[in-house]
There are 2 protein chains.
Amino acid sequence: MSHSPIKNIALVGGTHGNELTGIFLVKKYEQNSHLIRRDSFEILTLLANPQAIAAGRRYIDTDLNRCFKPQDLQNPKLINHEQLLARQIAFTIEQSKIDLIIDLHSTTSNMGLTVILHNHHPYLLNLAAYLSKINPLVKVLQYPLNQDHPYLRNLCKLGFAIEVGAVAQGVLQADIFEQTEALIINILDYLEQSNRGEIVSVDNNLTIYRQIGNIDYPRNESGELQGMIHPQLQFQDYQPLAPGEPMFLTFDGQTITYEGESTVYPVFINESAYYEKKIAFYLTQKYQIII
Amino acid sequence: MSHSPIKNIALVGGTHGNELTGIFLVKKYEQNSHLIRRDSFEILTLLANPQAIAAGRRYIDTDLNRCFKPQDLQNPKLINHEQLLARQIAFTIEQSKIDLIIDLHSTTSNMGLTVILHNHHPYLLNLAAYLSKINPLVKVLQYPLNQDHPYLRNLCKLGFAIEVGAVAQGVLQADIFEQTEALIINILDYLEQSNRGEIVSVDNNLTIYRQIGNIDYPRNESGELQGMIHPQLQFQDYQPLAPGEPMFLTFDGQTITYEGESTVYPVFINESAYYEKKIAFYLTQKYQIII
């Protein structure tokens, strides 16, 4: 497909300060810029939340990656650490005329190498199809369209996140580090070829997982957790969950089954940072699409 | 063996606020005290650091489980959150005439169900032998003797920690939760039998891993990380590491091998909380002892 060339790319790590894979990859590239330099574009590396990185925490005051709704960026009353930081990052992205954002995340869920998209932009769908074709670990997750998403990557139309896991926060796991590194190089090589007008051979068939909702943990009236992900569901991201199959195990040993109407494909199962967001996992549906 | 009865036990969770297994087990037992009640002893449950639990962090100001050196507990100049809390906990343990402390921890290392001991007390060695005999997942780790240990469990002679993993911080993993629960019940049943003077049948043969040192990650002059645990070592806690075998993988792909003089048995490999303590893993030696 043809597309005007991508001139400026932002490669972002440390949007969450305890997701070390992206942080140390960005640091590596800042010290070895030849690894990510290509002829046809400029690439800006960014450690998004240095204070949270120094503290080894996801965030200082609030989740930075929920601070990028356009109306929030305009709201002068939002002045905590991450709200101010979001405005500064938005300014940097705009000033640098960034066409495409790659935001690096990691998760305690078994998400392999997930590309998260928010729109149907054919450029991103082609990229995703290419990546999932050359590497079976790559999965494509699509959030609902036509929403005001609060994510950093939404600062430009061609923005997406890479979620890698399972890996604990505050930990570097060498296999995941190397897989993510290879994925980034694949992305940059694709962008370079595409900029040159070379046709990158891609299946026009793409499997995507569309988020259709969330499920919270069992809780009591005061919101206290009453159970945990069932052992049969733990680490089973992207695997089918049929009605009647186990979903949670309560602390007193009762199994809670999934009672939806049809088979779904859970992702972000048991992501540590989502306990406070009241999300035990996302529900998705699996689609084959033709690009 | 004969021993004066254990009258008062403390079962502690949440010494680290992001180690959810122990926290939710203690909460479960607080709501279902019949599960841990036995005829021959009283049992006190304690969530050690409620503020850190609420914040979902290991600690607020400093690691609580390094605040219990006798001289620190006496030092009126130490007044941050955890230093004050340590004094309050020490007072509670003393007032409650606690004979035995079980302190519940979890780790991102693949430690299975580890019992950590600090002394050669025959009562604890017998308990450990019993537990490791009835459950092959149980390992016994011994820290150096005759030191002023800074740990909560050192508030009484019969104190020990349970370390379970691998599990990410801020996450409940059902299989590990249930294994830990079964281990606690095994411990309480043993203590009850022992208090009654019943002879609990135990092998007099016990395998223990004695800590002999630590290894830090490769770092540059400013202390910045230059590499990570080698994939061949990741999750290989309690497995032999021979001289010449891979230990780290640097960010530029170089393998760093172990160059000690003899085979060691690493534990706490890639524990998240130990990056800041400059510990990539502990070195241990494996012993068979006769109790």
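In chain A, β8 and strand β9 (residues 246-250) run antiparallel and are joined by 3 bridges. Strands here are DSSP runs (E, at least two residues; helices are H or I, at least four), numbered from the N terminus, and two strands pair if DSSP finds at least two bridges between them. This is a predicted model, where local features need pLDDT of at least 70, side-chain atom pairs count only at pLDDT 80 or more, and totals for chains, interfaces and linings use all residues. Residues are numbered from 1 along each chain as its sequence is written, chains are lettered from A and ligands numbered from 1 in the order in which they are written, and side-chain values use heavy atoms, leaving out hydrogens and water.

**The sheet**
- β8, β9 and β10 of chain A form, in that order, an open sheet of 3 strands with antiparallel pairing.
- β8 (227-229) and β10 of chain A each have a single partner strand, so one side of each lacks a neighbour in the sheet.
- A:Ile229 has A:Phe248 in β9(A) as its bridge partner.

**The annotated site**
- In an unreviewed UniProt entry, the annotation "binding site" covers A:Arg58, A:Asn65, A:Arg66, A:Glu163 and A:Tyr274; positions follow the numbering used here, feature names are shortened, and annotations may be inferred rather than shown by experiment.

**Two of its residues**
- A:Arg58 lies in the loop between α2 (50-55) and α3 (70-73) of chain A.
- A:Tyr274 lies in the loop between β10 (255-257) and β11 (281-290) of chain A.
- A:Tyr274 is in contact (heavy atoms within 4.5 Å) with residues including A:Arg58 and A:Arg66.

Technical notes
Lists of a residue's contacts leave out its neighbours within four places in sequence.
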